[in-house]
Amino acid sequence: MPHHGNEEEHGSSESRRDANSENEPQKPIIHDNRKVDPKTGQARHPDQEHADAVDSPSGDVLSQAEDILNSVEVPAADSVAQGADGAEAEELRNDLRRLQAEYVNYRKRVERDRAVAGEMAVIGVLNSLLPVLDDVDAARQHGDLADGPFAAIAAKLETALKTYGLVRIDETGVEFDPTIHEALIQQPGPDVEIDTVSQVLRSGYRAGERVLRAAQVIVAVPA
């Protein structure tokens with residue numbers, strides 16, 4: 001059958017179409033990271049989930065593990081694993097429940113250890129400042145902190161330490177308590193029926209329920 005026009009024109013038009021197709025912008029590639037296929041309702045292969053996890057930006061490891069465990073429990077009993085019977089599916093769910101329980105316990109231990117570490121750090125700082133507070137008490141007893149800038153600085157220091165739970169043990173006229181008092185001297189008291197703190201020689205301190213240092217006291221005992 002005869003061609004209309006010459007063959008060179010047909011060849012050049014086809015070349016232009018190929019060039020235009022090469023210059024067309026490529027369509028963006030979209031990764032589907034959903035754990036369950038929306039069409040079949042079945043869980044996707046673990047290898048595919050691992051590859052998607054590698055492509056995604058890294059975040060909190062514990063949060064990612066919790067998200068994975070929560071998302072695995074979403075599929076129904078007939079879509080946990082393709083081709084698995086009811087017994088295998090139930091065993092898989094039990095394994096996942098045990099793994100999730102272990103993870104919850106681990107996270108609780110981590111949070112508890114963090115709280116204890118923070119408390120011990122505060123206690124360490126308070127213990128290091130107890131000699132400074134002793135010097136402040138000595139200066140106050142000698143009248144060196146009656147007024148002036150140093151008195152204001154000492155008051156600010158004591159107020160700041162109170163915000164961290166530091167409590168002074170310096171009460172007199174209270175019952176002697178060996179857990180918070182250290183008796184240096186015992187002397188008969190005329191009007192006491194039980195061992196009573198009559199004088200505090202050195203203040204003690206506690207932070208919360210923890211006694212940092214017992215108060216050194218003189219105890220009045222019944223005659």
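Residues are numbered from 1 along each chain as its sequence is written, and side-chain values use heavy atoms, with hydrogens and water left out.

The predictor's confidence in each residue is called pLDDT and runs from 0 to 100. The protein has an average pLDDT of 76, and 62% of the residues score at least 70. Over residues 1–11 the pLDDT stays under 50, and the model has one contact (heavy atoms within 4.5 Å) beyond four places in sequence for this stretch. Residues 48–59 also stay under 50, with eight contacts beyond four places in sequence. Where pLDDT is low, the predicted coordinates should not be read in detail.

Helices (H or I, at least four residues) and strands (E, at least two) are DSSP runs, numbered from the N terminus. Two packed helices are described by the angle between their axes and the distance between the axes. Axes are lines fitted to C-alpha atoms, for helices over the stretch in contact, and angles run from 0 to 180 degrees between N-to-C directions. For helix 4 (residues 86–141) and helix 5 (residues 149–162), the axes come within 11 Å and cross at roughly 145 degrees. On the helix 4 side, the residues that meet helix 5 include L126, L129 and R140, while A154, L157, E158 and L161 take part from helix 5.

Three strands form an open sheet in the order 1-4-5, with antiparallel pairing; two strands pair if DSSP finds at least two bridges between them. Strand 1 (166–169) and strand 5 (210–213) stand at the edges with a single partner strand each, so one side of each is left without a neighbour in the sheet. From one strand to the next, the twist averages 30 degrees. Strand 1 pairs with strand 4 (residues 204–207) over four bridges, and V167 has R206 in strand 4 as its bridge partner. Helix 4 lies across strand 1, strand 4 and strand 5, and runs at about 40 degrees to strand 5.

Side chains of opposite charge can pair when their charged atoms come close. A salt bridge requires a side-chain nitrogen of Lys or Arg within 4 Å of a carboxyl oxygen of Asp or Glu, and the count by this rule comes to 10. Because D95 and R98 are three residues apart in helix 4, about one helical turn separates them.

How values were computed. This is a predicted model: local features need pLDDT of at least 70, side-chain atom pairs count only at pLDDT 80 or more; totals for chains, interfaces and linings use all residues.
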